[in-house]
Amino acid sequence: MRTKVLLLSFLCGLLTSISAQEYQPQVGFSTENGSKVNFKKNKASDNIFISLGGGISTLLGDQNSEAAMGDRLNWAGALSVGKWYTPYLGWRMQFNGGQLKDFAYINVSGSQKLSEKDFMYGNIHADLLWDLTNFWAPYNEKKVVRFIPFAGIGYAIRAGKTVDGFAYRRTESPSVNLGVQLPFRLSERVDLYLEGMYSLYNEAFNRVDMGHEEDRVFQGLIGLNFKLGRTNFEVIEPMDYDLLNDLNSQINALRAQNDELSKRPKSCPECPKVAPVVESHESLKNVVFFRLNSSVIDKNQEGNIFNTSEYAKKYNLPVKVVGYADKKTGTADYNYGLSERRARAVAKRLNEAYGIPTEKISIEWKGDTQQPYEINNWNRVVIMDTNK
């Protein structure tokens, strides 16, 4: 009877602990590819960035290809504001622009001459950002470099200008913008980035109709990303439903057995006499589960510590406390220290809260060198063992 009661207590504590672990966060990293992970929803003020960059641009196509590449390059700049909703999905609003040069053949004294004109332009657009390094690989906020393709739409204006007494009117065009950004981590809040962007405008944007469907501009930038608010994300570990269903089934079966036992009469004259069962007081094992990267004892684990202490005091038994850490998170050195902190926290609670003398408590810690359970999350544990 006692064995079933203790087993029922153990399973209830285990089930409660696993349920609590459904929302255990991993902060700033994940152990699986980002596409397979659930991330905690961030606040509106979290994961904001402002970018400022400068570089070069060039107008492609038409008769610009007749000019030397050095003559076709122009200065360019960009200012962006955006937000990441997950480590791999975000958006930004960018204003980019600068100088553009047109090259076209004109008739001078009966011969064709390549003429150059420069204009100012600006393009404001909204882009969807997709961080492939955090999508196809595990998320890590401290990655040195990331690969971020983006795509968006916007609207561009090219300023008017008077050249040699001829007034060139202003032109406007919708824009389609495609590109890639490579951010290099400098610190928690600053990235250095390289960016290339290819923009499509309508054919009339550069005022030269050459029969193409669109004008094209390439822009290359180097700049800085400044991060505001919270810079990382929390990973939520999913619940193991198969495990919970199995534990629930075991608990329900034990409860049914206990109900049947409670219905039996206290005495049964007609029943054959059975020799009394001598209970073994040699050893009782119990567990305390911990959250990820934590040595704080949850309230739902106090029952296991209390039961162990009561059993040890009743039969005057010592308690051996052994701490562990799961192998899939953290380094070996860090996990070794974490398992020590967990073991000492349980030993302290046995002594100060439940009256087990310090000389009756022995403490060990194994780090992640030993994994008492096949399920990784279960190894964030301290095992208590009463023995002579």
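Author: A salt bridge here is a side-chain nitrogen of Lys or Arg within 4 Å of a carboxyl oxygen of Asp or Glu. The model is predicted, so local features need pLDDT of at least 70, side-chain atom pairs count only at pLDDT 80 or more, and totals for chains, interfaces and linings use all residues. Residues are numbered from 1 along each chain as its sequence is written, and side-chain values use heavy atoms, with hydrogens and water left out.

Reader: What makes K227 and E141 a salt bridge?

Author: Their closest N and O atoms are 3.9 Å apart, and the limit is 4 Å, so the pair qualifies.

Reader: Why is this pair said to tie together parts of the chain?

Author: K227 lies in strand β14 (residues 214–228) and E141 in the loop between β8 (138–140) and β9 (148–158), so the parts joined are 86 residues apart in sequence. Strands are DSSP runs of E, at least two residues, and helices are runs of H or I, at least four, numbered from the N terminus.

Reader: Why is K227 called buried?

Author: Buried means under 20% relative accessible area, exposed over 50%, and partly exposed in between (1.4 Å probe, protein chains only). K227 has 13% relative accessibility, so K227 counts as buried.

Reader: Which residue forms a salt bridge with K227 at 3.5 Å?

Author: D191 does, 3.5 Å being the distance between the closest N and O atoms. D191 lies in strand β13 (residues 190–202), so its pairing with K227 in β14 links parts 36 residues apart in sequence. D191 is buried, as is K227. D131, E141, R146, D191 and K227 are linked in a network of salt bridges.

Reader: How many salt bridges does the rule give?

Author: The count is 16. One of them joins K313 and E310, at 3.2 Å from N to O. Both residues lie in helix α5, three residues apart, about one turn of the helix.

Reader: Why is K313 called partly exposed?

Author: K313 has 41% relative accessibility, so K313 falls in the partly exposed class. E310, at 34%, counts as partly exposed too.

Reader: What makes β16 and β18 edge strands?

Author: The open sheet has the order β16-β19-β17-β18, with mixed pairing. β16 (284–289) and β18 (361–365) each pair on one side only. Two strands pair if DSSP finds at least two bridges between them.

Reader: How do you know that β16 pairs with β19?

Author: Six bridges join β16 to β19 (residues 381–386), and at least two are required, so the strands pair. The two run antiparallel.
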